[in-house]
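Thank you for making time this morning. I would like to walk you through one model, so please have the sequence and the structure open while I talk.

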Amino acid sequence: MDKITVELCMGTTCFVMGGSGLEEFVNLLSPEERSRVEIVPSPCIGLCKDREFGKAPYARINGEIVPEATVRLLAEKVRNCIG
């Protein structure tokens, strides 16, 4: 059973745009789902410099960029990865 890697940007822009509380998404997951998730904080993913990727805060789930990340959106995307 592979872990789902959730990289959370903790750069200044993402942090003040709501990224400071994104790790709370795990509270919306079941214990079984939580056991499949690895949270990796990043000092900066480096996407806010290029509007091509949307708006902060950013996260990356198994390499997929998630712009305008919210707790609810991250939980939904993790569940989709789990199947």
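This is a predicted model: local features need pLDDT of at least 70, side-chain atom pairs count only at pLDDT 80 or more; totals for chains, interfaces and linings use all residues.

Let me begin with a definition: a disulfide here is a pair of cysteine sulfur atoms within 2.5 Å. Residues are numbered from 1 along each chain as its sequence is written, and side-chain values use heavy atoms, with hydrogens and water left out.

So, how many disulfides does a search of the whole structure find? The search finds zero. For cysteine 14, the closest cysteine sulfur is that of cysteine 9, and at 3.5 Å this is too far for a bond. Cysteine 14 is also buried, at 2% relative accessibility, where buried means under 20% relative accessible area, exposed means over 50%, and partly exposed is in between, with a 1.4 Å probe and protein chains only. Cysteine 44 is likewise in no disulfide, since the nearest cysteine sulfur, again that of cysteine 9, is 4.6 Å away. With a relative accessible area of 42%, cysteine 44 is partly exposed.

Let me turn to the interior. In soluble globular proteins, nonpolar side chains tend to be buried together. By a nonpolar core I mean a set of buried Ala, Val, Leu, Ile, Met, Phe, Trp, Tyr and Cys residues joined through side-chain atoms within 4.5 Å. The largest such core has 15 residues, and the members that touch the most others are Val6, Phe25, Leu29, Ile61, Leu74 and Val78. At least two residues of this core come from each of β1 (4-9), β3 and α3; helices (H or I, at least four residues) and strands (E, at least two) are DSSP runs, numbered from the N terminus. If we leave aside residues up to four places away in sequence, valine 78 touches Ile4, Val6, Phe25, Leu29, Val37 and Ile61, contact meaning heavy atoms within 4.5 Å.

Next, the charged pairs. A salt bridge is a side-chain nitrogen of Lys or Arg within 4 Å of a carboxyl oxygen of Asp or Glu, and the structure holds three of them. In one, glutamate 7 meets arginine 60 with 3.0 Å from N to O. Glutamate 7 lies in strand β1 and arginine 60 in strand β3, so this pair ties together parts that are 53 residues apart in sequence. Arginine 60 counts as partly exposed, at 23% relative accessibility.

Another salt bridge joins arginine 79 and glutamate 33, whose closest N and O atoms are 3.3 Å apart. Here the link runs between helix α3, where arginine 79 lies, and helix α2 (residues 31-34), where glutamate 33 lies, so it ties together parts that are 46 residues apart in sequence. Arginine 79 is partly exposed at 34% relative accessibility, whereas glutamate 33 is buried, with a relative accessible area of 16%.

In the remaining pair, the side chains of lysine 77 and glutamate 64 meet at 3.4 Å, N to O. Lysine 77 lies in helix α3 and glutamate 64 in strand β4, so the parts tied together are 13 residues apart in sequence. Lysine 77 is partly exposed, with a relative accessible area of 25%, and glutamate 64 is partly exposed as well, at 41%.

Finally, a few words on the backbone. Most residues other than glycine have a negative phi, and most peptide bonds are trans. Where does a cis peptide bond occur? One joins alanine 56 and proline 57, with omega about 0°, and proline 57 lies in the loop between β2 (37-42) and β3 (59-61). Asparagine 62 has a positive phi, near 50°, and is placed in the loop between β3 and β4 (64-66). Glutamate 68 also has a positive phi near 50°, and lies in the loop between β4 and α3 (71-82). Asparagine 62 is partly exposed at 47% relative accessibility, and glutamate 68 is partly exposed with a relative accessible area of 47%.
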